[in-house]
Amino acid sequence: MNYKKIIYTVAVSLTFVAVSNSCAVIDKVKRTIIPSKEYSKTEASESNTQQIEKPTAIIEEIQEPAIQSPHTNVKRSRLSDKNLEGEWAILSVHGQRINLSTLPYIEFSASNGKIYCSTACNVMNANYSITRTWGLTFNNLEASNIECREDKYDESIEKALSRTVSYSYSKHNGTLYLNFIDKKGITVMVLKQHNLNDLNGVWMVSAIGDRRIFNEKMRLTIDIQSSRLHGNSGCNIINGSVVFDSKKDSAIQFSNIISTRKMCVDMNNETDLLVALEEVEYFTKRTRDMVDFSDGKGNIVLTLTRSAAK
């Protein structure tokens, strides 16, 4: 018997079995590491969307700080110096709501890049700088040092201004709300813009109550910055003060109205106009160029139309 041939045949058989078993193991490992399921185009698209969703949200958060004011109708465009111009009532500081009969306020002056702040006790002045990347800072802050009963917010307001590095804003019922934000992303102050600036300018009296007026001489000029009213009643020159309540939206009053005493043929319209001005408590814009003024009960007592003459 040829033993060498038998031993060779057995060795070859054992080698074949070993190789087969190894391939089976490798194939099993392959199936475990790389699943054989084939993804559809839809599933692949959804997978890609999930991968980029979080970074996109992070980018948006960096570009636009979170709104902390009472309303969240976020405006994508940045504010300019012109948007900031005028007075802003301070509603809260470091999360603490202002509880005063008269709210403190900050007035922005774009012409010289300064702010004037009234805390209801002391006054503050500072330079401000605004950038296109939501940056807002206050520098060279100076404050008076008067001791009074209502000075509990002075230190908080000064600290909030010194910590401000950026801003965000929202709009509700035509009123802008502004947030000052520190470097940690925390809102340190919330303000509300006095929404009276659109009333600036020369206006013709188009109606007193429900009665139309067709006298082109009857005009009023409203100056919100100086809180003054002056104009012509159709016969006499009138002057007065503009008063607004920072705690109420669209609240306005005309007070201390005085008039020259020239006699005219028809004094009825003038008398009605003076009475209507004294009754005004709120305003509502019909359009950019037409405004209704109402009394405390909501009755329209006066309607003005913007004059073409600027």
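Where does Lys184 lie? I looked this up in a predicted model. Lys184 sits in the loop that runs between strand 8 (175-181) and strand 9 (187-193).

**Entry: the loop lysine**

I checked the cover on Lys184 next. Its relative accessible area is 68%. The cut-off for exposed is over 50%, so Lys184 is exposed. I then asked which residues form a positive surface patch. The patch is made up of Lys159, Arg163, Lys183 and Lys184.

**Entry: the disulfide**

How many disulfides does a search of the whole structure find? I noted 1 disulfide. Cys235 and Cys264 are the partners, with S to S at 1.5 Å. I recorded where each partner lies. Cys235 is in the loop between strand 13 (228-233) and strand 14 (237-243). Cys264 is in the loop between strand 15 (253-259) and helix 5 (268-279). The pair therefore ties together parts that are 29 residues apart in sequence.

I also looked up the handedness. The torsion about the S-S bond of Cys235 and Cys264 is about 75°, so this disulfide is right-handed.

**Entry: cysteine accessibility**

Is Cys235 buried or exposed? I used the cut-off of under 20% for buried. Cys235 has 9% relative accessibility, so Cys235 counts as buried. Cys117 has a relative accessible area of 0%, so Cys117 is buried.

How values were computed:
Residues numbered from 1 in each chain as written. Predicted model: local features only at pLDDT ≥ 70, side-chain atom pairs only at ≥ 80, totals over all residues. Heavy atoms only, no water. Patch = residues over 30% accessible without salt bridge, like charges linked within 9 Å, V, L, I, M, F, W, Y side chains within 5 Å. Areas by Shrake-Rupley, 256 points an atom, 1.4 Å probe, with all protein chains shown as cover. Salt bridge = Lys/Arg side-chain N within 4 Å of Asp/Glu carboxyl O. Lys, Arg positive; Asp, Glu negative; His and termini not counted. Charge placed at Lys NZ, Arg CZ, Asp CG, Glu CD. Helix = DSSP H or I, 4+ residues; strand = E, 2+ residues; numbered from the N terminus. Buried < 20%, exposed > 50% of the residue type's maximum accessible area, 1.4 Å probe, protein only. Disulfide = S-S within 2.5 Å.
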